[in-house]
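Here are my notes on this model, as numbered points. Please read them with the structure open.

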Amino acid sequence: NDPRAAASSAAVLDAYPEAPEAGKRALLRLLPAVLKRTGPALAPRCRAVVADGLKAAEPETRLAAARLAIHPDIKLRAELVPLLAAPEAEVRGAALFGAAAASDGDAVLSDEELFRWLHDTDAGVRRICRDALVGRDRSEGEIALGKRLTHPDPTERLKLLLDLRY
């Protein structure tokens, strides 16, 4: 409740655009404390910093920003969708976690879109996807059918059609 918290936090946010990449990552790690100390007063500026971090070239910076995008004062879950195509599994996992989480009843990704990530090359991303589907009350049978529906091999998708026929 220090009245200087808002002024010093604003000064730190002012330094963000000119900061080197390591400094930007450090600031992103400080944002939860800034939001806690200043409340919604600096939320729009923090949101702009996170949005910039999501577009950074460095994977560590994008990862730090992706973790902040789901903060209740930031609300940038929809902006995580482009990160689902990131080459780094950690970034994809964090983006999938944030985008797949259903908050306030508005899902950024539908179940059908989530099924695609059951085939990710990284086991951690696949686990996050499966956990998100289970969290949406999808049964094991539904998840198995969705996985077959989105299988990268067209032969497997055709087999699903044959199985559904019966």
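**Notes on the predicted model**

1. The core. The largest nonpolar core holds 41 residues. Leu28, Leu31, Cys46, Val50, Leu80, Leu96 and Leu114 have the most contacts inside it. Six helices each supply at least two residues of this core: H2 (21–38), H3 (43–54), H4 (59–68), H5 (89–100), H6 (111–115) and H7 (123–135). H5 gives the most, with six residues. The model is a predicted one, so please read every value here as computed from it. As general background, nonpolar side chains in soluble globular proteins tend to be buried together.

2. Val50. This residue is among those with the most contacts inside the core. Which residues does Val50 touch, leaving aside its neighbours within four places in sequence? The partners are Leu28, Leu31, Ala65, Leu68, Ala69, Ile74 and Leu76. Leu28 and Leu31 are also on the list of core residues with the most contacts.

3. H5 against H7. The two helices pack at an angle of about 5 degrees. Their axes are 9 Å apart. Angles under 35 degrees count as roughly parallel, and H5 and H7 are therefore roughly parallel to each other. From H5, the contact uses Ala89, Arg92, Gly93, Leu96, Phe97 and Ala100. From H7, it uses Val125, Ile128, Cys129 and Ala132. By type, the residues of this contact divide into eight nonpolar, one polar and one charged.

4. Cysteines. Are Cys46 and Cys129 buried or exposed? Cys46 has 0% relative accessibility, so it counts as buried. Cys129 also has 0% relative accessibility and therefore counts as buried. The cut-off for buried is under 20%. How many disulfides are there? The count comes to zero, with a pair of cysteine sulfur atoms within 2.5 Å as the criterion.

5. Positive phi. Two residues deserve a look in the backbone. Lys75 has a positive phi of about 55 degrees, although it is not a glycine. Lys75 lies in the loop between H4 and H5. Its relative accessible area is 64%, so Lys75 is exposed. Asp137 has a positive phi of about 65 degrees and is not a glycine either. Asp137 sits in the loop between H7 and helix H8 (140–149). With a relative accessible area of 67%, Asp137 is exposed.

6. Pro3. This residue is in the segment before helix H1 (4–15). Pro3 has 72% relative accessibility and therefore counts as exposed. Pro3 and Asp137 are 134 residues apart along the chain. Their C-alpha atoms are separated by 45 Å.

Conventions: Residues numbered from 1 in each chain as written. Predicted model: local features only at pLDDT ≥ 70, side-chain atom pairs only at ≥ 80, totals over all residues. Heavy atoms only, no water. Helix = DSSP H or I, 4+ residues; strand = E, 2+ residues; numbered from the N terminus. Buried < 20%, exposed > 50% of the residue type's maximum accessible area, 1.4 Å probe, protein only. Core = buried A, V, L, I, M, F, W, Y, C linked by side-chain atoms within 4.5 Å. Contact = heavy atoms within 4.5 Å. Axes fitted to C-alpha atoms, helices over the stretch in contact; angles between N-to-C directions. Parallel < 35°, antiparallel > 145°, perpendicular 65-115°, else oblique. Nonpolar A, V, L, I, M, F, W, Y, C, P; charged D, E, K, R; others polar.
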